[in-house]
Structures are given as structure tokens and as C-alpha cells.
Amino acid sequence: MWLLRGLKKGILTTRFPKEQDSAIPLSFYPVNYKDCPLYERMDKFRCMSCGYCGQEMHRERDSVEVKKALPLKRSIHIFVLDVGSCGACNREISLLAAPQYDFHRLGFFTTPTPKHADVLFVVGALTEEMKPVLKEAYSLMPDSKAVIALGVCASESKDIEDIVPLAGRVSGCPPQPISILESLLKIAGRWNQ
Amino acid sequence: MVCLGVVSVNLKFEDNLPSEDFALTAMFPYGDEVIAVWTDYSTGKHVFSKFTRMPDELTANRPLLHAFRNDYRIDEKSKCAKLLNYGPAAGGIGEAGAFKIATCGERIEALVPSRGYKAGRAFKHKIVKNTVQMASPYISRLSGQFSASYYTLFTNLAFEDIDERFEQLCFAATELERIHNHIWVIHKLANDAAQKVASAHFAALTEELLRLNSRVFGNRYLIDFARLYQFGEHDDFTKSIKTLKTEFLSLIDELLRSRIVIDRLHTTGTLTSEQIKEHDIMGIPARAAGVERDARKFSVLQSYHKEHVPKLGEDGDALARLLVRVEEVKESFELLENFEFPKSSAIPNTPAEGTRYGMIEAPPGDIFMVLDIVSGRINWLGIRPPSLVMLHAFSVGIRGNVFTDFPFALDSFGLYFADADIYGGWS
């Protein structure tokens, strides 16, 4: 009986953003970004946390940068566009609806069409084939709208910024659902921490 | 696909086509020629053929060639049927990939995958000509859902100094990967069958598994697991595995009591054993149709799977694929219940030399990889990802089903376009 099972299991949903959730293991990042063997210039948004720099790694929150909140007061609808991801970021977005996060309780919903979307999540390293798709998806979105690049591949991609203006980005390979939730709260103007 | 050009790899080629015991595993361009790779799943033997021109016998009798050449066509359709393109930004697929579908309105007469939207991802040129050490982080990121499998296969081929501690970690990581992928497929199938509460429970279970991966191996998707392992926490691993296993068994028992789930999956996306052999399909769909194609017995981790007995189904439909996954999850949990972590990780560092090839059983099916290493650098890399074959299998199994069966059939294969678009040979 699913009802009894759910009652027995209790509430799994995080109290975030009211308080930080210590049950969520944070991602590993190096203690500093010098000596990266893969890139000359390295910072948190470009860091894949691969550990090949040989630096000590410690757990910290993904970085979430949002330039300006949307002037919207109600629910936010999100269109997700994969422009060349490995698939990990896609699943992190899907897990926003898992009981532990339940982003619906905060008024965030995904939509299958950009015409109904306020926010465009872009994931992946942009491929040639997806450039026109990205351009069209953005053009179909009604104003006011915002584009957030999720994860290292999208955050460091200058090609994406050449096509659409970025309102925000989230670090991580992949960025954790809790960090993606933080970006939504910031874009909705509801981040008080 | 990128041609090899002047690169040469050291492989022994057979003069004749192999017997019917061999399944076509991969095909790579090689200058003006083509290399075909064949596998006998009963012995684990791989053989190679080289052609200047593809023999007519192969072109006619091996429909999987269309997947390698990406030259699918819908030639036959009824008079009223229209062709519709679905993707690459369709919410129902969830990734940058598409399908061409021939339909009169309800029944799917034919369907072919339209892939390549992710083929231009930048990682490939960061792998070839790079040292095997510096190529490793990119190998781990070729396919996020099967990262541990790709990394394990690559390192076992590319390095000489693989020690037992490292192999133990590879084994644990690949089994954890199998569990979270299979449970995610079950979550999606429950969601497709409108069992939203059940689907939420499986999503919650997946989230707990990913958190366990992060605690122990430093990354939710086991990306760079060997390097980040040293920073993780391992003390509660066995207890966590037992708790998650109990939860899984209880959830799956409840889910399979639903007639709605059974009815929606039964006879959906069916592949017969004859179709499996005709189309050279392997992995979960093959085993679900009763065809024993499982690379664990001869993979790079074969010493850890000596007692493994492939889980077989009968009907070859989406339900059979679900049930095979359930049995595999149970086995993986049992294997991990008594796992003892090594005290350190011992990451390999000495590159191998020459041409090496091998297979590993990723969650949906096997990955085949061939590497040529010269002076510690990757001279040539060829990969046949499992999702390429799964896409082909889906295109065969979906024929004759109605539109509402589409998500069940698609999700039951556990395929990813990111994985399928890795396919090729790069120099």
C-alpha cells in the first residue's frame, strides 16, 4: 500500500532554503585552482573536480552566480535544453522533482515548450547542430526570461554566450540539485541567505 | 566518424567472415578500408575483419550496419503514412537526440534514430594525442551515466600497472553504477505507467544511492572515482547498502503487484530471440529475450564475476527487460554487501604500449574499446558504446506498437544519446 508506505517513511524533503541540509554530501573542489594540468586559467566555474591537479580536495557548495532576478512574482516555468551534455546534468535536473528536493513546493515547474518558459536551463558543451536549436528556443520564450548555464561544460562555453545572454551559471561536474535549486531561488528573487 | 588516415594499428585480421557464433560488435573506418569487430559471447573471443568494400552478404544480412554508418532510411511505409521528426529538443526524449517516425496516426510503422546532435562535443580532441593520464578525466566524462564503466575499461587497457586495490575500486564503482542506472530506469517506467507515487519512491531511492556514491567515491556519478576515493568516507558502506537493498526489494515487490504496470509493459517493444541474433543486439535486451550475451565473464573485470550467471528472460518485451534489471540489481547489491574497501587507491601510472582492446558490461550492454598507444600517447581510439546498439534495438522493437507505447519502449532500453554519439574511431 503506497499510502501506508509513504506515511511510514515520513517526510524526506529538505528544509532548504530555510536551513542548510547537512544530509547532502557536498561536492569536492580543490583547495586552490593553481597548477591545473588541463587548463591554463582555472577557476571554480571551469573546474571539473577531477583531482588531477594533485591538490587537497575538500567539500564545498557549488558556486551559484545570478546577475539579476526576474521581475516575476509567481511560479517559474523552466525549459531544459541539452546542447551537448554527457547526461549527468540532465539527471540532476530531473532529480529536482525527487522527494528530497521537491522543487514544486517552491513554485518551480518544468515545461515541455519554451513558449511557456520563464527560465532556460542550458546544459552541455554546445555543438554545431544544437546552435540553431538554442537560438530558436530562446527566441520563442516570452519576456521576461533568463538563461542559466548549469555545470562546467555550459558555464565555460563562450559559444553559448555568443547566442544567448546568460543571466546566471552554476559550477559543478555535475552541479548538485540543491545548487540548481539555489539558482532558481536567486533568479526568482527569493534568495535570502 | 573520423577516418584513421595514416595511423596504423596492430590487429590480426581474419581472411574469411567469422561463423554465425559471432555477433557483429563494431565497425570502424580505417583509411580507405573498414575494420569490423566480431564477438563470440560464449567464449569472449574477438576477431577482426578488414574490407575495402563491404561484402554484399554483410550489407544484406547485418542490419546493425545502419547504426554504424548512421544511414537509416525508411523505405517502406503504407500509403497513408507520414514521416514526422521527433526531437532534438523534445521533452519526452530529455536529451539532444531525435527520431524519424512513419505513422498513419496511431501505429508506428517504422522508426529510425536521428543521432549526431552530440557528436561534436569538444572532448574527443582532448583525448587523442594526449597522454593516457591526461586523457583519463575526459574518458570519465564521455558518458556521465556510465562514467565508471568507461574509466574502468580505458584504464585497464591503457595502463600496465593495474593492481588489485585499483581493480577492487573499479568493481565496486561499476556495480554501484549498475544499481543506480537500473533503478532510474524503473523510476522512469513507473512514471510512464502513471504510478507517480511509486515513481517518487524510486527517485528517492536513486537520490540516496547517488549520495552514497558521493560520500564514498567523491562524485554522485562516480566520475573520477579512483582519484576522489581517497577523500571519501567508507565506514558505513555495508550498512547503507543493506538498507538500500531492503528498500529496493520492498518497493519492487509493491510495484510489480500493479496490473497497470504489468499490462503497459507486457508485449511492448518486443524483440524475439531471432531478431536479437539478426540485429546483433546484446546486453539487457538480448538477455531479456533469452539470448545469453553478457560481457562480464570475459570483461576486464572478469575475475570478479567468476560466479556470475547471466539473468535471462523469455518474452523480450519491456517487462522482461525490467525483470532482468531487477535481478541484476539484486545481484549487484549482494556483491557489494560484503565488499571490503582497500586502504588506498593505487591509481595506475605506467602507460601500456601498442594496440589493446577489450569489453566491459555497462548497465544497458557492453562497451567495446580499442586503443593504440605510442610513447604513452593515444594514437588512435575506437569506441562502440552500448546505447548505439540500444537505439537500433529500440527502432526494431517499436515497430507495430502504438504511440502511447513509445515512452515505455524507449525507457526500457536505458539508452542515452550522449552515449550513442560517442561512437567512432578518432586519430
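This is a predicted model: local features need pLDDT of at least 70, side-chain atom pairs count only at pLDDT 80 or more; totals for chains, interfaces and linings use all residues.
Elsewhere in chain B, β7, β8, β9 and β10 form an open sheet, and helices α6(B) and α15(B) pack with their axes 9 Å apart. The points below take these elements in turn and end with the loop residue B:T131.

- Strand β1(B) covers residues 23–30, and strand β2(B) covers residues 33–40.
- The two strands run antiparallel and are joined by seven bridges.
- β1(B) is mostly covered, with eight of its eight residues buried.

**Open sheet β7–β10**

- Four strands make up the sheet in the order β7-β8-β9-β10, with antiparallel pairing.
- β7 (354–361) and β10 (424–426) of chain B each have a single partner strand, so they stand at the edges and one side of each is left without a neighbour in the sheet.
- From one strand to the next, the twist averages 15°.
- β9(B), residues 377–384, is joined to β10(B) by three bridges, and the two run antiparallel.
- B:L381 stands opposite B:W426 in β10(B).

**Helix pair α6–α15**

- Two packed helices are described by the angle between their axes and the distance between the axes.
- For α6(B), residues 164–192, and α15(B), residues 406–413, the angle is about 175° and the axes are 9 Å apart.
- Angles over 145 degrees count as roughly antiparallel, and α6(B) and α15(B) are therefore roughly antiparallel to each other.
- On the α6(B) side the contact involves B:V185, B:K188, B:L189 and B:D192.
- These residues meet B:P407, B:F408, B:D411 and B:S412 in α15(B).
- By class, the contact has four nonpolar, one polar and three charged residues.

**Loop residue B:T131**

- B:T131 is in the loop between α3 (124–127) and α4 (132–139) of chain B.
- The side chain of B:T131 reaches the backbone nitrogen of B:M134 at 3.2 Å.
- Leaving aside residues up to four places away in sequence, B:T131 touches B:G376 and B:R377.
- B:T131 and B:F339 are 208 residues apart along the chain, and their C-alpha atoms are separated by 32 Å.

Technical notes:
Residues are numbered from 1 along each chain as its sequence is written. Chains are lettered from A and ligands numbered from 1 in the order in which they are written. Side-chain values use heavy atoms; hydrogens and water are left out. Buried means under 20% relative accessible area, exposed over 50%, partly exposed in between (1.4 Å probe, protein chains only). Two strands pair if DSSP finds at least two bridges between them. Axes are lines fitted to C-alpha atoms, for helices over the stretch in contact, and angles run from 0 to 180 degrees between N-to-C directions. Angles under 35 degrees count as roughly parallel, over 145 as roughly antiparallel, 65 to 115 as roughly perpendicular and the rest as oblique. Contact means heavy atoms within 4.5 Å. Ala, Val, Leu, Ile, Met, Phe, Trp, Tyr, Cys and Pro count as nonpolar, Asp, Glu, Lys and Arg as charged, and the others, Gly among them, as polar. A polar contact is a pair of N or O atoms within 3.5 Å; within protein, one must be able to donate a hydrogen and the other to accept it, and residues adjacent in sequence count only if both atoms are side-chain atoms.
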